[in-house]
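Okay, thanks for coming, everyone.

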Amino acid sequence: MSAERITRREMLKRLVVAPVGAAALATLPVHEGSAAALQPYYEPYFVAVLWEGRTRCDSLWRSLKGDVVAILPTVQGTTPYDRLYWTGYALGRAPVNVNMRVLARAVDLSGAPLGSGWRPIGQATIQTPPMRWFRVEIPEGHWDEYRIEVRSATPRLVYSRVIASQGYWKE
Amino acid sequence: MEATPKDMLDQSEPLAPTFVNAASVRAFYWTGVKGSDAPIAYTVRGGNANGWQWSQSGQIVGNARGWFRVVVKPPAPYDWYRVEVAGAPQALRSKITGVAEVAE
């Protein structure tokens, strides 16, 4: 028996990979409802960054991804998450006055929405001095997909991220 | 869905569970889309092979093609659950997600 020195990351990889055989997996009925089902669960909570980037806001309701196509989600695979948070800031010297709204829907095992349209979850107006961070907590978790839309009468560039958490902080 | 109460698997036998092995689940999020304007009466029962020990009833209201969401938080863990619906005939498309931890 020989010893070798490995990193913690390497050890975790081996622990995860080693016991799982391809033959055993092939015999299991696996139904993945969404990509999020593949994500590991860490105790006591798990936080994921679902989206991060820049949004050019104008007078149209746009997804954080920039599109105005109402059927497209901003984030997907959010079924396991209890809470979503949207944090960011807007470039520019003028005070920030950005409207935002959150829509949600459920999808079937193949990823198709159960119905047309979205369920409105909430809306808000982000009003901050220039270059100040904001944070919005999205109230209803466990929907499969969310569309987060923004608009601003004055064109603005918003840098933001959407994070999600499952499990609860032990306080 | 029709006037006679049936569960989500279309079972009218009142003792038949809709799903089992759910003792680790602390909350259910039932989301979906209604097929018509008519309200839907629902009952969620929790129990085990010896019978139902808990139930929660309510009504899902909303327009045709409108989204709904029902949050069910049983007071104790149960192995079996039965989700029953009744009302004017309509198609109901929905899913139930169970989670092992709840915030409130």
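Let's begin with chain A: of its 171 residues, 29% are buried. Before I go further, please keep in mind that this is a predicted model. For the complex, the predictor reports an ipTM of 0.89 and a pTM of 0.79.

So what is chain A built from? It has two helices and nine strands. If you read along the sequence, the pattern goes α-α-β-β-β-β-β-β-β-β-β. And 80% of the contacts in chain A with a separation of 6 or more come from residues 24 or more positions apart.

Now find strand E8 on your screen, residues 145-151 of chain A. How covered is E8(A)? Mostly: six of its seven residues are buried.

Who are the partners of E8(A)? One of them is E5(A), antiparallel to E8(A), with seven bridges between the two. In that pairing, Met100(A) has Val150(A) as its bridge partner in E8(A). Then there's strand E2 of chain A, residues 62-63, which pairs with E8(A) in the antiparallel sense over two bridges. Here Arg62(A) is bridged to Val150(A) of E8(A). Strand E3 of chain A, residues 75-76, also runs antiparallel to E8(A), and two bridges join them. For Val75(A), the bridge partner in E8(A) is Tyr146(A).

That brings us to the inside. Here's a bit of background: in soluble globular proteins, nonpolar side chains tend to be buried together. In this model, the largest nonpolar core has 27 residues, and the ones with the most contacts inside it are Val98(A), Tyr146(A), Ile148(A) and Val162(A). The largest share is from E5(A), with six residues.

What does Ile148(A) touch, if we don't count residues up to four places away in sequence? The list is Ser63(A), Leu64(A), Thr74(A), Trp86(A), Met100(A), Val102(A) and Val162(A). We've already met Met100(A), as a bridge partner of Val150(A). There is also a second, separate core, this one with 15 residues, and it includes Met8(B), Tyr29(B), Trp30(B) and Tyr81(B).

Which takes us over to chain B. This chain averages a pLDDT of 92, and 98% of the residues score at least 70. It has zero helices and seven strands, and reading along the sequence you get β-β-β-β-β-β-β. The radius of gyration of chain B is 13 Å, close to the 13 Å from the globule rule for 104 residues, so chain B is as compact as a globular protein of that length. If you like boxes, the C-alpha atoms of chain B fill one of roughly 35 × 30 × 15 Å along the principal axes. Of the 104 residues in chain B, 25% count as buried. As for the contacts in chain B with a separation of 6 or more, residues 24 or more positions apart account for 76% of them.

Next, a sheet in chain B. Four strands make up an open sheet in the order E1-E6-E3-E4, with antiparallel pairing. Which strands sit at the edges? Those are E1 (6-7) and E4 (51-60) of chain B, each pairing on one side only. Strand E3, residues 40-48, and strand E6, residues 80-87, both of chain B, pair antiparallel over eight bridges. Within that pair, Ala41(B) has Ala86(B) in E6(B) as its bridge partner.

Leaving aside neighbours within four places in sequence, Ala3(B) is in contact with Ala86(B) and Gly87(B). Buried or exposed? Ala3(B) is exposed, since it has 10 other C-beta atoms within 10 Å, and exposed here means 12 or fewer. Ala3(B) and Val70(B) are 67 residues apart along the chain, and their C-alpha atoms are separated by 20 Å.

Last stop, the place where the two chains meet. There, 13 residues of chain A are in contact with 13 residues of chain B. On the chain A side, that's four nonpolar, six polar and three charged residues.

Conventions
Residues are numbered from 1 along each chain as its sequence is written. Chains are lettered from A and ligands numbered from 1 in the order in which they are written. A nonpolar core is a set of buried Ala, Val, Leu, Ile, Met, Phe, Trp, Tyr and Cys residues joined through C-beta atoms within 7 Å. A residue is buried if 20 or more other C-beta atoms lie within 10 Å of its own, exposed if 12 or fewer, and partly exposed in between; C-beta atoms are placed from the backbone. Two residues are in contact if their C-beta atoms, placed from the backbone, lie within 7 Å. Two strands pair if DSSP finds at least two bridges between them. pLDDT is the predictor's confidence in each residue, from 0 to 100. Ala, Val, Leu, Ile, Met, Phe, Trp, Tyr, Cys and Pro count as nonpolar, Asp, Glu, Lys and Arg as charged, and the others, Gly among them, as polar. The radius of gyration is taken over C-alpha atoms; the globule rule is 2.2 Å times the number of residues to the power 0.38.
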